[in-house]
Amino acid sequence: MNIAAVDYDGLIPNNVALGQDVRVKRALEKWHPGYINWWNDMGPEGFQEALVYLRTAVSVDPKGWAKFDYVRMPEYRWGVLLAPQHEGRKIPFGTHKGEDAWQEVPGEYRAMLRRLVVIQGDTEPASVEQQRHLGKTAPSLYDMRNLFQVNVEEGRHLWAMVYLLQKYFGTDGREEAEALLQRRSGDPDTPRMLGAFNEKTPDWLSFFMFTYFTDRDGKMQLEALAQSGFDPLSRTCRFMLTEEAHHMFVGETGVTRVVQRTCEAMKQAGIDDPYDIARVRKLGVIDLPTIQKKANLHFSLTLDLFGNEISTNAANAFHAGLKGRFREDRLKDDHQLESGTYPVLRLIDGKVKNEDAPALSALNMRLRDDYVVDCNIGVGRWNKVIADLGIPFEIKLPHVAFHRHIGEFSRTNVDVDGNILSPAEWTERRTEYLPSSSDKDYIEHLMQPQFEPAKFASWIAPPKVGIDNKPGDFEYVKIADA
Ligand code: BYC
């Protein structure tokens, strides 16, 4: 069998020869109706019957794995797609470094591995739940289509993790797969597992920030899991990463288009001062300081997803060969980290300072540092748009200690420059850094749907190119067919 080709014959498209694996095929077919119920209940609200121009994988080789066509979302072919197996692959790090990669779950690490797969799986439906109401206020059909593309692929990523649970973890894997359909983002009784996935995504600027910042945590975590000595997890994550790239593209270009529209409108109206918020808002665009506040919010919420700076969980997962570092295969060291240190930001005598910690314990911090570097690349592109349009403003990522709920700084109030604030100062200045209720009201009032082909809401510029090179007036979503 050509491992890259996807078998579309059965209920569940796959490239893992599911037809020959009767037990897993049955388990997934049994899970399928619950998934569809979840999708109907918690997936995009109001557009389930619309025809959406979506891409689907027909093969997983690097070229041409995406085929575009109109699909009703509940009929999207969610399936199980793994990157090709590399013959003779070895465990690349940890105490088992150099041994053959595991094709079955190593018994001694079963619980740890299951926990990683479940946490990864839990984030996928959570994000769909967070975004389910956004279709109704889409600023264009182009953006609506991108939202739905992201949503169906997050659904597929859930399938990816559920396949691992059903195939490799027996009864408890089946129970975890069920539980993934039961938890709900933001539910006080059955919340999603990680903090940021219980927050709201109230508007489209938040959606773009989420896909820029939070999907990028997805990229970093998937890169770390793609290094895993457990080969099926590595192969699964490698293919998920190809889909993840589009989600970050949606975020980066989304924010770029918002920034561009604001700066163009300011220029046209002869407004140079980005802090003249009342005048800028009269133009029906989002002022740059509010965009900065949204970036502060989503960046800080996402930093929490890296866990504690010093973590025995992370050390154990690395030592065991289950979760590596960002692009472990390109790093030049012993890949075991039994000795060696890494600088970790800590709160020492009331000041934020670096302190060396054992490298193995500091892996969350290290991944977070790599993440911040990656985040800054797109921020630089946003700033280039602002500078090219001649507006004196620069978007900056806040200090990593700002507005934290997990880790070293979770009990301290810190401003965007890393200065410690008293609780009273924080309360007084909070809305300088984070969206205030009037900022939220203003953005909410802008969120008027624009469902005519080729048209865009007042606050966002059209994209430079269409999806699949379609022309500007292409009807990405046929709502009339709903
Ligand atoms: N919220 O030892 P620590 C994505 C818990 S996003 C709540 O520092 P560790 C996507 C932690 O679970 C990527 N609890 O944690 C993006 C632990 O609890 P237990 C998702 C938190 O394990 C957009 C305790 O605190 N994938 O794909 O080193 C759209 C001690 O913490 C949080 C992964 O995250 C939190 N933020 O690191 C769609 C990869 N942080 O066990 C999708 C898999 C920590 O003591 N997960 N805790 O009860 C992991 O690698 C790790 O679980 C974490 C945490 C990096 C998340």
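This briefing covers selected helices, residues, cavities and pockets of one predicted model.

Residues are numbered from 1 along each chain as its sequence is written, and side-chain values use heavy atoms, with hydrogens and water left out. Because the model is predicted, local features need pLDDT of at least 70 and side-chain atom pairs count only at pLDDT 80 or more, while totals for chains, interfaces and linings use all residues. Helices (DSSP runs of H or I, at least four residues) and strands (runs of E, at least two) are numbered from the N terminus.

**Helix 1**

- Helix 1 has 21 residues and reaches 30 Å from its first C-alpha to its last, close to the 30 Å expected at 1.5 Å a residue; the expected span of a helix is 1.5 Å times one less than its number of residues.
- At His32 helix 1 has a kink of about 30°, shortly before the proline Pro33; the bend at a residue is the angle between axes fitted to the seven residues ending there and the seven starting there.
- The buried residues of helix 1 include Val24, Leu28, Trp31, His32, Tyr35, Trp38, Trp39 and Met42; buried means under 20% relative accessible area, exposed over 50%, and partly exposed in between, with a 1.4 Å probe and protein chains only.
- Helix 2, helix 3 and helix 4 (170–182) are among the elements that cover the buried residues of helix 1, where contact means heavy atoms within 4.5 Å.
- Asp21 is placed in the segment before helix 1 (22–42), and its relative accessibility of 19% means that Asp21 counts as buried.
- The side chains of Asp21 and Lys167 are joined by a polar contact of 2.8 Å; a polar contact is a pair of N or O atoms within 3.5 Å, and within protein one must be able to donate a hydrogen and the other to accept it, with residues adjacent in sequence counting only if both atoms are side-chain atoms.

- A kink of about 30° in helix 6 is centred on Thr242.
- Helix 6 is mostly covered, with 28 of its 39 residues buried.
- His157 belongs to helix 3 (residues 141–168) and is buried, with a relative accessible area of 0%.
- The side chain of His157 makes a polar contact of 2.8 Å with that of Glu243.
- Neighbours within four places in sequence aside, His157 is in contact with Glu124, Met240, Glu243, Glu244 and His247.

- On a 1 Å grid over the protein atoms alone, a cavity is a set of points where a 1.4 Å probe fits but cannot get out, and a pocket is an open set with protein on both sides within 12 Å along at least five of seven lines; lining residues have an atom within 4 Å of a point.
- Grid points are joined across faces, edges and corners, and a volume is the space filled by probe spheres set on the points.
- The count is 3 cavities of 30 Å³ or more, and the largest cavity holds about 100 Å³ of space.
- Residues that line the largest cavity include Ala224, Ala314, Lys323, Arg325, Phe326, Asn364 and Arg366.
- Helix 10 (residues 363–388) supplies the largest share of that cavity's lining, 4 residues.
- The largest pocket has a volume of about 780 Å³, and of the 37 residues that line it, Ile119, Leu194, Gln221, Leu305 and Gly307 are the closest to its centre.
- Helix 2 (110–130), helix 5 (204–226) and helix 9 (312–319) each supply at least two residues of the lining of the largest pocket, and helix 5 gives the most, with 8 residues.

**Other residues**

- His335 has a positive phi of about 60° although it is not a glycine; His335 is found in the loop between helix 9 and strand 3 (341–348) and is buried, with a relative accessible area of 12%.
- Asp349, also not a glycine, has a positive phi of about 50°; Asp349 lies in the loop between strand 3 and strand 4 (351–358) and counts as exposed at 73% relative accessibility.
- Asp369 is in helix 10 and counts as partly exposed at 25% relative accessibility.
- Asp369 and Val400 are 31 residues apart along the chain, and their C-alpha atoms are separated by 9.4 Å.
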